[in-house]
Structure formats: C-alpha cells, structure tokens
Amino acid sequence: MRSLITTFLVFSTAISVMASEIHAPAQITAGKAITLQTSGSGDATFYLIGPAVASKSKVQAGGDIPIDSDRLEHAGRYVAILCASDGCTATNFFVSPAAANRLSFLVHPSRIPVGTSQGISAVAIVRDNFQNLVLKPEPVTFSIMAKDEKPVSAARNSENAFAWVRLTSARKEGPTKLGASIGHADEVRVVQQVAADACNLRIKASRDKHGFLIETDPVHDCSGNPVPDGTVVSFTESDSAGKTTVDVPIKRGVAKVDMPIDGRATITVASGVVTGNALEVSGGQ
Amino acid sequence: MKAAAFRYGSIIAIVAVLLLGVVGYHLRAAAEDDLPRVEFNADNISPRPIEDLTSKSVPRDYALAWQTLAQALSGNKTGLLDGYFTGLAKQDFAQRINSQIKSGLQTKYTDHGHKLEAIFYSPAGDVMELRDHVQLDMQILDGGKVIYDQPVTAQYMVIMTPGADRWLVRQIQAMNGEKP
C-alpha cells in the first residue's frame, strides 16, 4: 500500500512539473512586441486570438514565444493558448492603447448661415497610431480660422476618447477653417458660411411697355452679406381680381419681374419667412 | 369524383397552412431566443438628449450586432458582418474571421447579456459612444475540437453611428476593466 501511495505521489509530482503553462507580461501596449513564457516540454501548438487575429503555430513547450508588434496593434482582450500532449492551457491578457497621436474629426454642418448661435458641432475622437481609442483624458486643441480674422483656439480634455465644442458661425460669409490637434495630429475641416435670410427686403416699381417692372434693392442679410444668387424671392400682386404670385430667383444680387397690371394693385415681396415692403401701383391705359 | 378531389385538396391546403403557421411561429420564437439580452441605460448621456426612437433602436441593433457577430465567428462568414457593422469594427472582425479560416479555428459565444450604457451622443446626432458590460461563455475550437472554454466578463467601449435604417457598430474595443 505504501509503495502504491509513493508511486502515486511521484507520478502526480512529475505531472505537475511537466504540465505546460503559459504566462504573459502584466503590461502590454499596442504595437509593442512581447515574449510569452511557457513551461513544460515537447512539441506544442500555440494559438493567439485577438480582436483582429486568430493564428496557430507550432512551438516547443518550455521555450519563449515571441509575438511581433504587428500582431498586437489592436487594443483589447487577447487569449494565448498552448496545447501540448498533456492538454491545453491558456492565459488572457489586455493590450492597452499607445499614446494619443491621431484624431477623427467630425464637423457638422458643412454649410451654415452666418450668425447661427451654437450651430456648428465639432467632435474629436482621440486615437493612437493604430486607431485604438485612447480612453484616458487628453487635451485636444480646437481652433477656428475665419476669413480675414485672427485664429481663435480653445482646449478641451477628452472624456472616454471624445472631446467636443459647439460654435456660433461668424458674422461674415465665406469659408471658415475648423481645426483640432493632438500630438502630431492636426485635422482641419472647412465650413462654408453663407448669408442668412434676407433682411430689409425692399422693392421698387417702374413702368415698362408690358406694365410694371418690379425690382428688389440688392438683397442682403442682416449682417450685410449678399444673399446668394438662386435664392427665391416671391412677388405677390393683389388686386380686385385676386392674388397672383411669381417666384423669381435672385440674379446678380437682385430679383426682378415684369407684371402686367390693370387698375389698382398692391405688390408685396417675401423671401422665405421674411417679408418686405408693399407698393401701391396703378396701371392700365 | 371531382367533389372528393376538391374536398381532399382543401383539407391538405388547410393542414399545410396550419403547419406553416406553427413552423413560422417556432422559427420566430427561436430567433428571438437567440437575440442577446441588452439592458439599456441612457440616463447619463450628453450633450445631446437621446430621442425616444433612438433609445429603442440602439439596444435592438446592438443586440442584433452581437447575434450576427456570434454567427459570423462561429461559421466563419464575413458576409454576416455587413448587416450591423461598419468601419473599423467590420474591418477588424473580417480580418479575425479570415485568419480563423486560415488557421482552421472557430469561436463560439454563449451570450448571457449586456448592460449597455450610452455616455456620449454628439450634438449633431451622428455618433454615439456606449459602454457595454457583457457576460459570455467563449469557446475556441480547432478543427471542431474545443481548445478553450471559459466564461468571460468584459467591458467594451463601443462607437455606433446611424445608417440608413439602423444603428451600426463602428468600433468596439475591450477595456481592461479599469475606468479611464
């Protein structure tokens, strides 16, 4: 009986000494090569399963297993498995993101009327060189470079890889560059600021051979920016017979229309939600 | 003779319709059973408040994303990723599946549910960041033989963006469990 127990103990000890094991370093950063240590002996198969990898290779148990940097570029959870004649053993490890050095920069909208309060949204997503999200707070510098104006910048700390600002569009139309930077990354987007709705819309009338030529003054927004050509202006004639509306696009800054008018009529003008002055005219023979 | 044929034909048609109904019901029930459970919380979302419709579609589409991911990794079918993944997430999982095919491996997940918390929703509504606390059983198989079988409790940071008719997973990154 004693010899049986001794044999069992020796056998179990031998198994525990021989059993394969695999160990990963405690701290692993994306894009850095590592070496996994194994115990045991004999031919074995090594598997590496990660966010974008699932590989299999022949190794010798008991030796070191080098893992190249390009197989560890994705931050996240990895499983390393070693299968030898005595079975499979595994270890899990996490790869942390590398230093922040890239940005995804989302700016909306790409076109906005001038003077729109908090109308522009700029969101920066902080990443490392391998596109991993960098979750620890990082300072992101946002800058605004409006046409003919001094650049203005503001810093925001990222939270869970996101930093954002909301901006009011400038008073002057034209392209405005919005930038976000961190480390070596400097992303720029352009927002086209266009004239807002027409302001102080005014019309005048003059007689022509068909009736009246109704013409607006040059159409501007409230900041003095010319409203773009193509913007529709509606002229409405009201007389005893009813109402007639003509929609005319602005061309070279003004909108004009010929209106044959018999008798007394009132002409009004509007563009979008903005209305202008009214004219009383009297046509006919 | 004609009347008897008509009678039997009608009986067969009715039975067929009933059978189809029963099969359809069971298939639907099975599909719903497979859908991972997602508890969604958007109480701390900022800066944009979440819309009612979005608060329903995000957890539904996230559950469908995990369902299709499990099927794609188990069957080594990259095409299944098209439905609910885009950008880096789709690219990385496709890479993983392609290397699984090359190595003769499969990954099987048994999903025990997700606690999904929305933490950032951009002012323009074009991107949402979420934190997922998930419990899974993960099996890795080599040529059909199980080489790894362990329960996994993990946290993921997830970026979702709106598509034409659904929210898509654009990036998913496991965290080390520590708060950033």
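**Sheet, helix and contact in a predicted model**

Biologist: In this predicted model, which strands of chain A form an open sheet, and in what order?

Modeller: Four strands of chain A form an open sheet in the order S4-S3-S6-S7, and the pairing is antiparallel.

Biologist: What makes S4 and S7 (87-95) of chain A the edge strands?

Modeller: Each of S4(A) and S7(A) pairs on one side only. Neighbouring strands of this sheet are turned by 20° against each other on average, direction ignored.

Biologist: How do you know that S3 (residues 43-50) and S6 (residues 76-84) of chain A pair?

Modeller: Pairing requires at least two bridges between the strands. S3(A) and S6(A) run antiparallel and are joined by 5 bridges, so they count as paired. A:Thr45, for example, has A:Cys83 in S6(A) as its bridge partner.

Biologist: Why is A:Ser238 called partly exposed?

Modeller: A residue is buried with 20 or more other C-beta atoms within 10 Å and exposed with 12 or fewer. A:Ser238 has 15, which lies in between, and A:Ser238 is therefore partly exposed. A:Ser238 belongs to strand S20 (residues 232-239) of chain A.

Biologist: Which residues is A:Ser238 in contact with, leaving aside neighbours within four places in sequence?

Modeller: The contacts of A:Ser238 are A:Lys243, A:Ala265 and A:Thr266.

Biologist: How does the span of H3(B) compare with the one expected?

Modeller: From first C-alpha to last, the 17 residues of H3(B) reach 25 Å, close to the 24 Å expected at 1.5 Å a residue. Just after H3(B), B:Gly104 takes a positive phi of about 70°.

Biologist: Which residues of H3(B) are buried, and how do you know on which side they lie?

Modeller: The buried residues are B:Leu88, B:Ala89, B:Asp92, B:Phe93, B:Arg96, B:Ile97 and B:Gln100. They cover an arc of only 160° around the axis, and are therefore on the same side of H3(B). An α-helix has 3.6 residues a turn, so residues three or four places apart point the same way. The buried residues of H3(B) pack against S4 (53-60) of chain A, together with H2 (52-75), S3 and S6 of chain B.

Biologist: How many residues does each chain bring to the contact, and which element of chain B gives the most?

Modeller: Chain B brings 29 residues and chain A brings 32. On the side of chain B that touches chain A, H3(B) gives the most, with 7 residues. The residues of that side comprise 16 nonpolar, 8 polar and 5 charged.

How values were computed:
Residues are numbered from 1 along each chain as its sequence is written. Chains are lettered from A and ligands numbered from 1 in the order in which they are written. This is a predicted model: local features need pLDDT of at least 70, side-chain atom pairs count only at pLDDT 80 or more; totals for chains, interfaces and linings use all residues. Two residues are in contact if their C-beta atoms, placed from the backbone, lie within 7 Å. Helices (H or I, at least four residues) and strands (E, at least two) are DSSP runs, numbered from the N terminus. Ala, Val, Leu, Ile, Met, Phe, Trp, Tyr, Cys and Pro count as nonpolar, Asp, Glu, Lys and Arg as charged, and the others, Gly among them, as polar. The expected span of a helix is 1.5 Å times one less than its number of residues. The arc is that of the directions from the helix axis to the C-beta atoms. Axes are lines fitted to C-alpha atoms, for helices over the stretch in contact, and angles run from 0 to 180 degrees between N-to-C directions.
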